[in-house]
Amino acid sequence: KKLLLALVYTALTAGANPAQAADADIIIPLLSGDMKKLAVHDAPVATSGAPFELADGAGRATLEDYRGKYVLVNFWATWCAPCRKEMPELSALQKTLGGGDLTVLTVATGPNPPAKIAEFFEQIGVSNLPAHRDPRQTLARAMNVLGLPITAILDRNGAEVARLLGDANWHSESALAILQAVIAQEP
């Protein structure tokens, strides 16, 4: 029954706009384990141009600055227990796939002082993820982040193609297969 629904869903989205349905066509068959919680959008959803603070007070950026590559943007907080569990998996993902075609972007939302973020990363042994901040939750509110952690997959055009509420193993076989498949698409 789920397969039939997935096929109907795929056919409807492909008929509506073949270019926009490509991500769903690729992602849905690969959903398993924690990735079953991944909500794949019918069509890419525009993201916000709201700024966030770069790590170490190095200025501000927007999601627009990451156009041209896939971005896995994770909204989290130092006080969030599921975030503590998930962050090492995001770190492992960055080590495995991060770089040329994928960026793992972590944004601490709410009152997360830089010293607390540094302490959090040190405690969990993460040194390869950015300590970006959204202290006034400007970006989080604009992206409808209602709970933590929330992780969104953005396509090369900066549009959101999927979102997962809650923690997940982002270094699992399913997550890696999904991300490798979407990255392999023609730019």
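Which residue in the turn between strand 7 and strand 8 has a positive phi? The close-ups below, drawn from a predicted model, start there.

**View 1. The hairpin of strand 7 and strand 8.** Five residues separate the two strands. In the turn, Gly158 has a positive phi of about 85°. Strand 8 covers residues 160–165 and pairs with strand 7 in the antiparallel sense. Five bridges join them. Leu165 of strand 8 is the bridge partner of Ile150.

**View 2. Strand 7 beside strand 4.** Strand 4 spans residues 70–76. Its pairing with strand 7 is antiparallel and runs over five bridges. Here Phe75 stands opposite Ile150.

**View 3. The two faces of strand 7.** In a regular strand, side chains alternate between the two faces of the sheet. Ile150, Ala152 and Leu154 lie on one side of strand 7. Thr151 and Ile153 lie on the other. Both faces are covered. Five of the five residues in this strand, 150–154, are buried.

**View 4. Thr62 in its loop.** Thr62 sits between strand 3 (60–61) and strand 4. Its relative accessibility is 18%, so Thr62 counts as buried, the cut-off being under 20%. Leaving aside neighbours within four places in sequence, Thr62 is in contact with Gly49, Ala50, Pro51 and Phe52.

View 5. Over residues 1–20, the pLDDT is below 50. Beyond near neighbours in sequence, that stretch has 15 contacts in the model.

Notes. Residues numbered from 1 in each chain as written. Predicted model: local features only at pLDDT ≥ 70, side-chain atom pairs only at ≥ 80, totals over all residues. Heavy atoms only, no water. Buried < 20%, exposed > 50% of the residue type's maximum accessible area, 1.4 Å probe, protein only. Helix = DSSP H or I, 4+ residues; strand = E, 2+ residues; numbered from the N terminus. Pairing = 2+ DSSP bridges. pLDDT = per-residue confidence, 0-100. Contact = heavy atoms within 4.5 Å.
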